[in-house]
Amino acid sequence: MQASPTRDLVVGLFVLAGFAALAYLSIQIGGMAYTGPGGLRVYASFEEVGGLRPRAPVAIAGVKVGQVSEIRLDEDLRARVLLDLDPSLELPIDSSARIVTSGLLGDQFITLEPGAEEDMLKPGDEIDFTESAISLESLIGKFVNDAGLESGK
Amino acid sequence: MNSVETLGFRTLMLVVHLGRLGVFVGRVARASVLRPTRLRRFVNEVFDVGVLSLPIICLSGATVGAVLGFQSYVALSRFGAEGSVGSVVGIALIREFGPVLTALLVTGRAGSAMAAEIASMVQTGQIDGLRMMSIDPVHFVVMPKAWGMLFAMPLLSALFIVFAIAGGYAVVVQLLGLDPGTYITSLEDAVDLHDDVGQSVTKALVFGVVVACVATYRGYTSEPTSAGVSAATTGTVVAASVSVLLLDYVLTSFWGI
């Protein structure tokens, strides 16, 4: 079969376009940035994580800075959450983590509030100040209970 | 009793065909490491399978994305959750529609042509002619075709998904007036590199192997008659499409949630 420069060029363009599409899907859409090793991986323990799931976003002031990479039970039967954060992030060691919900039925995510200490969190460190998920059911239960007590008086 | 015999015969024939397919794939794999590499024929196959399938892949991708965006917008806006259209479109396309529809389209457009070409070479004695010149037909004809199909499939699937996302964007953002940032952000947030893009590429590669093997095997083992050519073409489309759809479920369930 004869070599044909135009055909080779078209095949080359097709291959380039195909790999560009693959790269777009994995880097832009798939978000290759936060999943690689070398991210700032810190732990946070919560009494209750509610509906928090791995891959939930972690935000500071509403800006996404990482994601939840793992949730497991520690020895004290608390939920130990591993956060994978942007490695360029400088977070004071007295920062606090809070589980919040976006919207009434929305997903739960973690929001960090930076502290004031001079020392910064290093990979493997633990965020000491945490606030658990607020479950709607327990809030309603509390509300109904309180109302019942008041009317009983 | 007769129908039971038929069932037994059919089952045995299925096993025989699977065994022959295994031997055939082994021959193709062995031919792949032999010299010469047949690079020129491989490039021509990538042209036939990849470049010539581009128009149908891009057009189908854009329409599938547009329909998907439209329908999920209609369904989700009932709950005031239009913001999630991007994640529905993205997950459905990347995990399932991209690889599966690409495999079905490529089977119909290029797989059938591949089987018909090899089958007519069998019928007109060209395969025997190659053997007489002591050129292995598996090495010369089959191997570049199989690799061309396998190589083109993930690239076509990725292009299908990109065009579908664009088609969804056109309908949901331009036509229905959703905020462009909401569409793109919810799409990017929902899609994970390992779970979704990895699954998509794996599926496209597996489907590429399936379509390539079925098309070349059916063509190569066809009867040397005109009816044999048409049977090989039909058989390729039916067997490859059904295998792709069955395998898709198996792969999805292995991948988990």
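Biologist: Leaving aside its neighbours within four places in sequence, with which residues is B:Leu159 in contact?

Modeller: This is a predicted model, and in it B:Leu159 is in contact with A:Ala17, A:Gly18 and A:Ala21 of chain A, as well as with B:Ile57 and B:Cys58 of chain B.

Biologist: Which residues have the most contacts inside the largest nonpolar core?

Modeller: That core has 82 residues, and B:Leu159 is among those with the most contacts inside it, along with B:Ala146, B:Met149, B:Met153, B:Ile161, B:Ala164 and B:Val211. At least two residues of this core come from each of H1 of chain A and, in chain B, H2, H3, H4, H6, helix H7 (180-190), helix H8 (193-220) and helix H9 (226-255). The element that gives the most is H6(B), with 24 residues. There is also a second, separate core of 22 residues, which includes A:Val49, A:Val68, A:Leu91 and A:Ala97.

Biologist: How many residues does each chain bring to the contact?

Modeller: In general, the size of an interface is often given as the accessible area lost when the parts come together. Here we can count residues instead: chain A brings 23 residues and chain B brings 25 residues. On the side of chain A that touches chain B, helix H1 (residues 5-29) supplies the largest share, namely 15 residues. Sorted by class, that side of chain A holds 15 nonpolar, five polar and three charged residues.

Biologist: How should I read a helix, and against which elements do the buried residues of H3(B) pack?

Modeller: An α-helix has 3.6 residues a turn, so residues three or four places apart point the same way. Helix H3 (residues 54-77) of chain B has 24 residues, and the distance from its first C-alpha to its last is 34 Å, close to the 34 Å expected at 1.5 Å a residue. Its buried residues include B:Leu54, B:Ile57, B:Gly61, B:Val64, B:Leu68 and B:Tyr73. The buried residues of H3(B) pack against H1 of chain A, and also against helix H2 (39-51), helix H4 (85-123) and helix H6 (137-175) of chain B.

Biologist: Now to chain A by itself: how many helices and strands does it have?

Modeller: Chain A has two helices and eight strands, which, read along the sequence, follow the pattern α-β-β-β-β-β-β-β-β-α. The chain is divided into domain 1 (1-30) and domain 2 (37-137), and the C-alpha centres of these two domains of chain A lie 41 Å apart.

Biologist: In what order do the strands lie in the open sheet?

Modeller: Strands of a sheet pair through backbone hydrogen bonds, either parallel or antiparallel. In this open sheet of eight strands of chain A the order is S7-S1-S4-S3-S2-S6-S5-S8, and the pairing is mixed. Strand S7 (126-127) and strand S8 (129-131) of chain A are the edge strands, each pairing on one side only.

Biologist: In which sense do S2(A) and strand S6 (residues 108-113) of chain A pair, parallel or antiparallel?

Modeller: They pair in the parallel sense, over three bridges, and the bridge partner of A:Ile60 in S6(A) is A:Leu112. By contrast, strand S5 (residues 96-101) of chain A pairs with S6(A) in the antiparallel sense over six bridges. Antiparallel pairing also joins strand S1 (residues 40-46) and strand S4 (residues 79-85) of chain A, over seven bridges, where A:Ala44 has A:Val81 as its bridge partner.

Biologist: How many residues lie between S2(A) and S3(A) in their hairpin?

Modeller: Two residues lie between S2(A) and S3(A), and A:Ala61 in the turn has a positive phi of about 55 degrees. S3(A) and S4(A) form a hairpin too, with five residues between them, and in that turn A:Leu77 has a positive phi of about 60 degrees.

Biologist: Is A:Phe46 buried or exposed, and why?

Modeller: A:Phe46, which lies in strand S1 of chain A, is buried because 21 other C-beta atoms are within 10 Å, and a residue counts as buried at 20 or more. Not counting residues up to four places away in sequence, A:Phe46 touches A:Arg78, A:Ala79, A:Val81, A:Ile99, A:Thr130 and A:Ser132. For chain A overall, 24% of its 153 residues count as buried.

How values were computed:
Residues numbered from 1 in each chain as written. Chains lettered and ligands numbered in written order. Predicted model: local features only at pLDDT ≥ 70, side-chain atom pairs only at ≥ 80, totals over all residues. Helix = DSSP H or I, 4+ residues; strand = E, 2+ residues; numbered from the N terminus. Buried ≥ 20, exposed ≤ 12 C-beta atoms within 10 Å, placed from the backbone. Contact = placed C-beta atoms within 7 Å. Nonpolar A, V, L, I, M, F, W, Y, C, P; charged D, E, K, R; others polar. Expected span 1.5 Å × (residues − 1). Pairing = 2+ DSSP bridges. Domains from an automatic or database assignment. Core = buried A, V, L, I, M, F, W, Y, C linked by C-beta atoms within 7 Å.
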